[in-house]
Amino acid sequence: MAKPSANSGRSGAIPPVSAKTGSTILGFLDRIEEASLAGWAVDPADMSRPLSLRVMIDGQIADVITCDLDRPDLHRLHLPNTRVGFHFAIPYIHQDGLRHVLSLATMDGQPVSLPSRAGFALPELHFCLTRRVHVEGVLDGLVDGAVQGWALRVDEQAGLKAGGLRILVSTRGQPVAELLADQFRADVAEALGADPSCGFSWTPPASFHAHGAVTFDFHMMPDRIALRGSPVEIRVPGTSERARINALIEKADDLLRYAYGLRRDLKAVLPAERFSLASYRDWAAESQKLAPARIAARYGTREDAPLVSVLCPVYRPEQGAFIAAVDSVLAQSYRNWELILIDDGSDDPGLTGSLRDLARRDSRIRVERLPANRGIAAATNRAIELARGAFIAFFDHDDVLEPCALDAMMRAQAATGARLLYSDEDKIDRRGRVSEPNFKPDFNYRLLLDLNYICHLVVADAALIREAGPLDPLLDGAQDHDLLLRMVERVGAHEIHHVPEILYHWRITQGSTAGSGAAKPAAAGAGARAVVAHLQRRGLAAQTTRRGALTCYRTSFALDDDPGVSILIPYRDHIGMTEQCVRALREVTQNVSCETLLLDNWSQEADAERFAVEQGNLPDTRVLRIAEPFNYSRINNLGAAAARHPFLLFMNNDVFVRDPGWLRTMLNEALADPGVGAVGAKLLYPNGTVQHAGVVLGVGGVADHAFRGLPGETPGYIAHAIATREVAAVTAACMLVRREAFEAAGGFDEAELTVAFNDVDLCMKIRAAGYRIIYAADAVCEHRESLSRGDDFDDSKVARFMFENEAMLSRWGRELAADPFYSPHFSREGGAYRDLRVIDPAAVAAAGPVPPARFPLGEGASGRVPARKRRRKAGGG
């Protein structure tokens, strides 16, 4: 410890001095040693029971100590009780070679200053501790414009691998930046059995943009040990290069040459947004200050203030984290709440005392102790029985609420009439640092089957919870997922509302699912059972299995219906490619009755006629010759008119199938829910990276594919690349469409969208007709993109592309800017799920009130048949 120093002694030789605080505390700090401090303290207003104190390190609650150690040397002070001593050992995480500041406070947060034998009082104690350890670290390199890596402090004796190291960045021996390796890295945690909070990310500042190629060194401090992979050379555009790029952008716009592709690439070099997911902490520091104003602009005011019961089962929490959790409830701007704390048989005298103190501190805090540990479901059920509020909020004993959390949820409830509400969330570590934001989609029933993406914060109508409950103790660890599914069974989609703000901070602790998806495999198993039970209640046969080590599932419907699918494949020449595509379909596809319609758009190759004759003679195959200029929309509309079956599979001739169940998987998604109008496949490039995993509206202008270029098995943002989910649109390169939905939408627009965006437009019309669009992550095909028709962006096609781009913006402008399955906090420039933007409350106000739900009153959220709205002609908006 930084030397205030290693003196020891007993305070009996020195008269006690009152600690300086709002309410006088008597005490003395009589020993400060290398990694601990000891002393005594008592509250003269209540000397009959031990005093509890918060221990704060770097402004965060590190622990709660109870002054109950026997100190017989204090008899001479004539205290009524000598069990007033305390001892505190500095936690291992803070023995990291960095400077930290320790202070004490009463349980209600008032600072405590204790005099010491060293001749100073302790309002703050600065310390720096280092254990005998070695360090390990790796520089991953440049990822999405930022240098990323990880570093660990390894204590072999203690068997610990901890993050939080200081990383020095330098160039030519001159320091440039200091980083803290405390970002969440689940891959490192699972591979090495280490603390997941060990990663770092750094973007070179703008001051280096004029230097061209720059070499940066990365060292682990304080011993200046180089990370593996260091140094790294980074080239950033200089001032003159940036000017030339901007000039090219203007020229590209003026000439309409390579307009979209070139402009998008150049803007990727000069990103408009200041923040990315890698710099989330900086984004949060700026954006969260504006959250209350955004909430007020989005939802308006609420005239009444119904009681909200905040339910919090408590079982042996870290005392510091627990007190911080309660503090966050006390700090709510919405004042009409009650906090119900259920001690689930913790058998911890210190916790019992803290609970008693909290109940005395605020009459809104109610405490009940269960005689034995019964599990989180049983403890929550007891809290539900005690709840008096019209609404119930669920809260874990070591998490943190934003001060505006309950106010936001109750404003949203009044504005929408929702009975079930949820917000965005992130994670918070032991230092109070936030990371890993979960910017959630609006209500997404299909995603909820594969992943409890709703999680925190949940506020629901108390009557709905009681109708759906009680929670099942056999599903502890996934009891919240089970309850959500049972509530969803009882409400319509219009009664479920997503508040798109970070209102909840999920605590990362060792062994928690926040720390690692593999931390609690029993919880993942319980979640799979909850999904199966839900589908059984809906009368759907399905299998649910875990996806690797993640708390994410593969839900496979096991349905026997075979209504038949018509597969429509347009082609012009590329006969060899088309022949391979069709052969793979016939040889691989199983368990679905199919007909194949080959739509020959004026093929001219020598063997085109041979191919057409051969294919036309095969069973369940027809060749339609369409001798017209290329118009993708018209070609497919003609094919759909000729198709026999109630499901249409639009497919490019450069898509190849290898999985026998690919089409059965897509068909079952539609058969399991009559409200599903279209299903898209996961498409991979030949190198195994993602070409399509759903379409995101508004990104790059009209729309873009999600996760393009991501390795095929990588989960992507919050597992969105591997989980089946509802999306705003999918690509028609491999898209199954219910015929009645296709007709309700008026088919493809063959008047204004002859080549580009016609599939996005069709999906938006299908959704406008009341159907849903599903991305089926487990129907995987290979796509050799653009072989059929060449490049959209060559000189002869730019004008047509720009016309279709403007047609989409004119027709769907507002909808393109508000994809319900893509967070408004993500930038629409550049790639999807990458950059973040800070939303001005004025922009929220300008957008108008919260839009009405897509499904009319009384329709279900989990697969009930939606109303069929107006039909549209081809080309209609």
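Reader: What makes the link between the side chains of N653 and T578 a polar contact?

Author: A polar contact is a pair of N or O atoms within 3.5 Å, where within protein one must be able to donate a hydrogen and the other to accept it, and where residues adjacent in sequence count only if both atoms are side-chain atoms. The side chains of N653 and T578 are joined at 2.8 Å, so this pair falls within the 3.5 Å limit. This is a predicted model, in which local features need pLDDT of at least 70 and side-chain atom pairs count only at pLDDT 80 or more, while totals for chains, interfaces and linings use all residues. Residues are numbered from 1 along each chain as its sequence is written, and side-chain values use heavy atoms, with hydrogens and water left out.

Reader: How do you know whether D778 is buried or exposed?

Author: D778, which lies in strand β46, has 12% relative accessibility and so counts as buried. The side chain of D778 also makes a polar contact of 2.7 Å with that of R547.

Reader: Which residues is D778 in contact with, leaving aside its neighbours within four places in sequence?

Author: Contact means heavy atoms within 4.5 Å, and D778 is in contact with R547, R554, D659, T665 and T724 when those neighbours are left aside.

Reader: How do you know that the span of helix α7 agrees with what it should be?

Author: The expected span of a helix is 1.5 Å times one less than its number of residues. For the 13 residues of α7 (residues 349-361) this should come to 18 Å, and because the end C-alpha atoms are 18 Å apart, the two values agree. At the start of α7, a side-chain oxygen of D348 comes within 3.0 Å of the backbone nitrogen of G350.

Reader: Which residues of α7 are buried, and what covers them?

Author: The buried residues of α7 are G350, L351, G353, S354, L355, D357 and L358. Among the elements that cover these residues are β4 (51-57), α6 (319-330) and β26 (365-370).

Definitions and conventions:
Helix = DSSP H or I, 4+ residues; strand = E, 2+ residues; numbered from the N terminus. Buried < 20%, exposed > 50% of the residue type's maximum accessible area, 1.4 Å probe, protein only.
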